[in-house]
Amino acid sequence: MIVGPIQFDAPVWLLLIPVTWALTIWFARKSLTGMGTVTRRVALVIRLILLTAIIAALADPMWRLVSKDVATIMIVDKSRSMPQGVHENLHAYVAEALANSKKTDRLGAVTTAADALTQSLPEPVKADVNEVRTKLEGGSAMIGLESATDLASGVRLAMSMIPPDAAGRLTLVSDGNETQGSLLTAARAAAAAGVPIDVLPIDYKYENEVIFDGLYAPATARKGQTISVRMSLTAKKDTTGELTLMMGDRPVDLSPDDPATFGQMYTLNEGVNTLLVPVTVSRPGALEFKAFFAPVEGSGDSIAENNTAAGVTFVSAEGAVLLLCDNPAAAAPMVDALEESRISVELRHSSESPRSLAELQEFDAVVLMDVPAYSFDFAQQKEMASYVRDAGGGLVMIGGENSFGAGGWIGSPVAEVLPLLLEPPEKRNIPKGALAMIMHSIEIPNGVYLGKQTAKAAVGALSSRDEVGIVEYSWSTGSSDGVRWIFPMQEKGDGTAANAAIANMNFGDMPDYGAPMQAAYNSLANVKAGQKHLIMVTDGDATMPSMTLVNQYQAAKITITTVCVDPHGGSNDVTNMKNLANATGGRNYTIYSRGNQGQLAQLPEIFIKEAQTVKRSLIWEGDPFNPKVVNGAAEAMRGIGGTLPAMTGYVVTADREGLALTTARTAEDDPLVAQWQHGLGRAVAFTSDAATKWSEDWVAWGRYKQFWEQHIRWAMRPAGAANLSVATETRGDSTHVIVTALDSVGDPLNFAAFRGAVVDPDLKAQGFELTQTAPGRYEGDFASNKAGTHIVTLRYDAAGADGGAPDRGSVQAAVLRPYPDEYRALEDNTPLLQQVADLTGGRVLPDDDPAGADLFSRQGLTMPVSLRSIWLAIALVSLGIFLTDVAVRRVRIDIPAIIAWARGLFKAKRSAASQVDALRAARQTTRAKLAERAARSEKGAKAEAPAAIDKGRKFEAGDEYLKKPARSVTDAPAPIVDKRKKDAEPLEPGGKGKDEEGGMSRLLAAKKRAQDQMKDEDKQN
């Protein structure tokens, strides 16, 4: 309920006002009978006002302030589809449009492409082009990825920026083309919130563009098969250009008659053009095709990004396994065993590991044999995990000094897909490690950020029970040596506290290594740990520590690794760091970033590697023991028997709960062999080694080949069926998948259960279903709007013929989007923008009349109202009225007497004022007469020509006056003296007469006598 500027949020209380008024008036008839009429009425009015104020306070009163300001948020489309140069013209447009804005109007800016970003918050801005440019672009080029358009996110972000004390409206500057999100959905939300969206359409149309619609290759093929690669191009007009096709890293010869070139010149007709090229696939694995059409110069083609297309064909062969091992001699027994089992195996060094998920898809399983985590970057580790979980591949990790927890795999993406936990079990009393880090100034671009990342990498490689401490130099410590413990030596735990401390590092430039190394030694020496290690990253220019301190490190068996980044002192600093590391049994690294940024990327890997130094405690080594089989019925353990050869070491791990199955255990009851199904793939873990260091008897064991064949075959992706084909078709932002399946005798395979998963270019997986639509035909769809490679994996299960073994298999496919849909836009989508304006009550702004745009128009806006509670103020007023009510009723104040006194006081003041005015008038009259008399006297004196009078004297008596006898004051007539005494009144002590009005009368009488006397003297003269 609103009454003037006051709003009552609980107006139901106001219903008590007439009720309380009626009761008060009724009871006042008797309770106020002892008062006078005026006093009774006043008391009643005060009581009614009091009740009204109390009830108003209960009704939750709010003071309403209606804003008159408008905040306009401009949403500027910065995607690649926008024509070049349009934004600079926009700056001038907005600057001119601001000329008519009010001083309190505010302008904010949001840019949107793949993501929406705030460039400036709403605030008043001048009509200056440079200031507008800074406002709309935030003073930087931070606009995000330009290869996509999400106008909806820009609208949502702009709405959140509207200040609460101003009415808001949005201005969208765009071509109307969007590749993700729904602008109409966001517009409906704006309309519901009462926020109009004005649109400024950017009109354009490419008349001469050529677009590569797609390259279509079979999803699967067999080695040696000839397939057809179909290419589709759309030309806006007849265009000539050269077509080039690549198969893997080799060009396909499209001009066999011309040895000088591999490409072929084509003339595209206006409209859709289809080209078909036969290709023979010669090797198994994922085979990628890329095609590019280059129009001749002067054709008018504007966007080069949409002139390319790509596709992938998976060429089937016998199952292949990738074995990654850095020691070929140790891997030799494993390679021989797999080849004897007719498993195709490819041995590579860990540095030659596949760099993409598509490359991993060439193999049915990957074996990691005693390789550390730092041999793979984080992206590779994520792809390997996705390869198992989402693409159905197999992973086998074999132990060694550089594997499992001892190899830095704790906390890695790969650790999540292993059937074991890499942290040691709680029951095992394993000596923990202790790692200290001294972080010196890294004076390189982004050095602070890189230093923090390396420290976090080292912490992440530790187990939860290992101790870690971080020291840096800081001038703000207040101490003389500047040593600051960012994270005092303590157990890592879950790493949250350590990472939070690392985020607060500032990397001061320490002058002396002695103080921080002494602090690190004091902490490490007091830690009960199996291995103690110090990592020091520095630029090498500080003073070296004393030999006494170095000897203390040696005596305590604390190793030191130095990482010297861009040494300031050249070879001298490098030598000092190397000597320090060698003296304690550590390692030394020297990194030069200038001209070789790739070396900086090694820093996190170095720290992970060095962190493993303190994790040797995770390795068990001792007297030989015979592992025990605990789940011999598992498929991978069938026929192995219950007795396994002796071994002398392994990496300590813990059981993983859930679907993981441990099939063999050590003498300490730790897991030795474990397996599980993870997502679409499978993983196997063997915590000892497969060579001769810990498992010499295993290599000579008669079932060595059988053991590894069965475990690796169990982990391998099921072989792709020759009677299973996959076709994909891109439909807008999604891809349609068609699977044709036949059974072993060539009949349609019906009622098969297909499970599909697709991994997008960002390694995000999504599942999708395939539904049988015809005999042996299954179809499904998945989202594929991102540019890049989408890996599709399909697994199926079907009932076996005549009740036989189930028919199982898998098949892979890939969908490539070589360029984002952003580059497919050839003209604006103004109708969508018009629809948005109509839906929200906005306007289509004229692009040729900035002055008429009126960016801060009040039309269609509901001005915001701010409310401020005033119940406390009303309650205080009620308290004052209550005291007045008590005074009137209990003190019995005589209201008529107060009124009469007030009236008398007013009259007295008015009478005194009139008398003062009369006196002032009389004084002016007297002065005028005195001046007139003086003038006449001077004139008469000049006529009689008297003796000269001294002009220096003010007064001069006449001759006749001098002849009169002199009189004293005491000789004055008695009646006159008595009369004055009679008229005079004695004064009060304060100096006032008894009767002020009588005193004024006497003053007037005295004045009159003075005037009469002056008249008598004039007559005498």
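Student: Which residues does Gln381 touch, not counting residues up to four places away in sequence?

Tutor: A contact means heavy atoms within 4.5 Å. With residues up to four places away in sequence left out, Gln381 touches Ala373, Phe376, Trp409, Ser412, Pro413 and Val414. This is a predicted model, in which local features need pLDDT of at least 70 and side-chain atom pairs count only at pLDDT 80 or more, while totals for chains, interfaces and linings use all residues. Residues are numbered from 1 along each chain as its sequence is written, and side-chain values use heavy atoms, leaving out hydrogens and water.

Student: Where does Gln381 lie, and is Gln381 buried or exposed?

Tutor: Helices (H or I, at least four residues) and strands (E, at least two) are DSSP runs, numbered from the N terminus. Gln381 belongs to helix H9, residues 378–389. For burial, under 20% relative accessible area is buried, over 50% is exposed, and partly exposed lies in between (1.4 Å probe, protein chains only). Gln381 has a relative accessible area of 8%, so it is buried.

Student: In which strand is Arg817 found, and what does Arg817 touch?

Tutor: Arg817 is found in strand S43, residues 807–817. Its relative accessible area of 6% makes Arg817 buried. Beyond four places in sequence, the residues touched by Arg817 include Thr730, Gly732, Asp733 and Ser734; Ser784, Asn785, Lys786, Ala787 and Gly788 are also among them.

Student: What do the totals for the chain say about contacts and burial?

Tutor: Of the contacts with a separation of 6 or more, 76% are between residues 24 or more positions apart. Buried residues account for 46% of the 1021 residues. The chain has 23 helices and 44 strands. Its accessible surface is about 50800 Å², 54% of it belonging to carbon and sulfur atoms; such areas come from the Shrake-Rupley method with a 1.4 Å probe, and for residues only the protein chains shown count as cover.

Student: How many salt bridges does the structure hold?

Tutor: A salt bridge is a side-chain nitrogen of Lys or Arg within 4 Å of a carboxyl oxygen of Asp or Glu. The structure holds 21 of them. In one, Arg80 pairs with Glu305, the closest N and O atoms being 4.0 Å apart. Arg80 lies in the loop between strand S4 (70–77) and helix H3 (86–97), and Glu305 in the loop between strand S16 (285–295) and strand S17 (308–316), so the pair ties together parts 225 residues apart in sequence. Glu305 is partly exposed at 32%.

Student: Which distant parts of the chain does the pair Arg717 and Asp364 link?

Tutor: Their side chains form a salt bridge of 3.2 Å, N to O. Arg717 is in the loop between helix H17 (704–715) and strand S36 (724–731), and Asp364 is in the loop between helix H8 (357–360) and strand S20 (365–369), 353 residues apart. Arg717 is buried at 4% relative accessibility, and Asp364 is buried at 15%.

Student: What can be said of Arg777 and Glu779?

Tutor: The side chains of Arg777 and Glu779 meet in a salt bridge at 2.8 Å, N to O. Arg777 is partly exposed at 31%, whereas Glu779 is buried at 19%. Elsewhere, Asp69, Arg106 and Asp165 are linked in a network of salt bridges.

Student: Which residues have a positive phi although they are not glycine?

Tutor: Most residues other than glycine have a negative phi. Asp370, with a positive phi of about 50 degrees, is one of the cases to note. Asp370 sits in the loop between S20 and H9 and is partly exposed at 27%. Lys557 has a positive phi of about 55 degrees. Lys557 lies in the loop between helix H13 (547–555) and strand S27 (558–565) and is exposed at 69%.

Student: How far apart are the C-alpha atoms of Thr496 and Val459?

Tutor: These C-alpha atoms are separated by 10.0 Å, and the two residues are 37 residues apart along the chain. Thr496 is in helix H11, residues 496–502, and is exposed at 51% relative accessibility.
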